[in-house]
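Open the structure in your viewer and keep the selection panel at hand. This tour tells you what to pick next and what is there.

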Amino acid sequence: MKKVCIISKFIFTLLCFLTVGHVFAQPAPPPTSILNQAAIAQIKEWLKNPVVEMSISAQNKRYQTLPQEEVDKLDKQWRAERKSDDQPLIAATLSNPLSSYLTQIQAASGGLFTEIFIMDAKGLNVGQSSITSDFWQGDEGKFQKTFPNGAAAVFIDEPEFHEGSSTWRTQVNLTVTGTDQKPIGAVTVEYNLTELARRRGML
């Protein structure tokens with residue numbers, strides 16, 4: 001029995017050591033300051049494509065009078081569809097022209113962008129490059145710290161470590177404006193911060 005206890009303690013100690021070692025092995029995130037004005041300008045440049053304003057404006061008109069309870073129902077439907085084979089709302093969103101455009105931008109970035117989605121004036125997704133966890137972003141910082149704060153609002157979130165690729169990622173969020181420079185929605189661009197740092201010669 002004593003020998004078993006000693007072995008158990010050894011295994012426990014070894015597991016603790018490996019866990020702590022893993023934590024310390026995780027690299028520090030590159031500074032978000034590398035997301036400079038040039039990076040923001042790049043996003044704003046491809047937001048000028050007419051499909052962006054046309055798509056957001058059409059959805060803003062469609063959902064203009066939609067009460068919050070209906071917004072919540074759409075969000076609930078989206079979450080349910082993620083676990084189902086029947087996905088009418090998700091399919092309609094991912095197959096629209098704006099989603100196709102955003103998917104092309106992500107693909108052309110060579111791994112720099114890992115997710116892109118655009119929201120309307122209520123925080124509902126209009127187009128996206130991949131399936132998001134929810135359909136309504138209106139209760140999150142990506143929307144609350146951009147669209148309501150005017151045309152120039154930019155919110156860069158805290159970096160998060162992506163275990164699967166061992167890279168740091170962060171979301172850059174901007175207010176989207178129309179040709180008249182008035183806010184019509186918001187955009188979230190998730191950057192592979194590690195890849196950006198590599199391209200800047202920091203790694």
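Begin with the contacts across the whole chain. Among those between residues at least 6 apart in sequence, 60% join residues at least 24 apart. Keep in mind that this is a predicted model.

**The whole protein**

Switch to a cartoon view. You will see eight helices and six strands. Now trace the chain along the sequence: the pattern reads α-α-α-α-α-α-β-β-α-β-β-β-β-α. Of the 203 residues, 43% count as buried.

**The largest nonpolar core**

Hide the surface and select I43, W46, V52, V187 and Y191. These have the most contacts inside the largest nonpolar core, which has 31 residues. Which elements give two or more residues to this core? They are helix 2 (37–46), helix 3, helix 6 (97–108), strand 1 (113–119), strand 5, strand 6 (183–192) and helix 8 (193–199).

Zoom in on I43. Leaving aside residues up to four places away in sequence, I43 touches V172, L174, V187, V189 and Y191. Show those side chains together with I43.

Then select Y63, L66, V71 and L124. They are among the 10 residues of a second, separate core.

**The largest pocket**

Next stop: the largest pocket. About 300 Å³ of space lies in it. Its lining has 13 residues, and the closest to the pocket centre are K44, K48, T177, G178 and Q181. Colour helix 3 (50–62) and strand 5 (167–177), the elements that give two or more residues to the lining. Strand 5 gives the most, with three residues. Colour the lining by class as well: four residues are nonpolar, six are polar and three are charged.

Is Q181 buried or exposed? Q181 counts as exposed, at 53% relative accessibility.

Move on to S166. Look for it in the loop between strand 4 (160–162) and strand 5. S166 is not a glycine either, yet it has a positive phi of about 55 degrees. With a relative accessible area of 47%, S166 is partly exposed.

Select A58 in helix 3. At 48% relative accessibility, A58 counts as partly exposed.

Finish at D75, in helix 4 (residues 68–81). Is D75 buried or exposed? D75 counts as buried, because its relative accessibility is 9% and buried means under 20%. Show what surrounds it. Not counting residues up to four places away in sequence, D75 touches D134, F135 and W136.

Note on methods: Residues are numbered from 1 along each chain as its sequence is written. This is a predicted model: local features need pLDDT of at least 70, side-chain atom pairs count only at pLDDT 80 or more; totals for chains, interfaces and linings use all residues. Side-chain values use heavy atoms; hydrogens and water are left out. On a 1 Å grid over the protein atoms alone, a cavity is a set of points where a 1.4 Å probe fits but cannot get out, and a pocket is an open set with protein on both sides within 12 Å along at least five of seven lines; lining residues have an atom within 4 Å of a point. Grid points are joined across faces, edges and corners, and a volume is the space filled by probe spheres set on the points. Helices (H or I, at least four residues) and strands (E, at least two) are DSSP runs, numbered from the N terminus. Ala, Val, Leu, Ile, Met, Phe, Trp, Tyr, Cys and Pro count as nonpolar, Asp, Glu, Lys and Arg as charged, and the others, Gly among them, as polar. A nonpolar core is a set of buried Ala, Val, Leu, Ile, Met, Phe, Trp, Tyr and Cys residues joined through side-chain atoms within 4.5 Å. Buried means under 20% relative accessible area, exposed over 50%, partly exposed in between (1.4 Å probe, protein chains only). Contact means heavy atoms within 4.5 Å.
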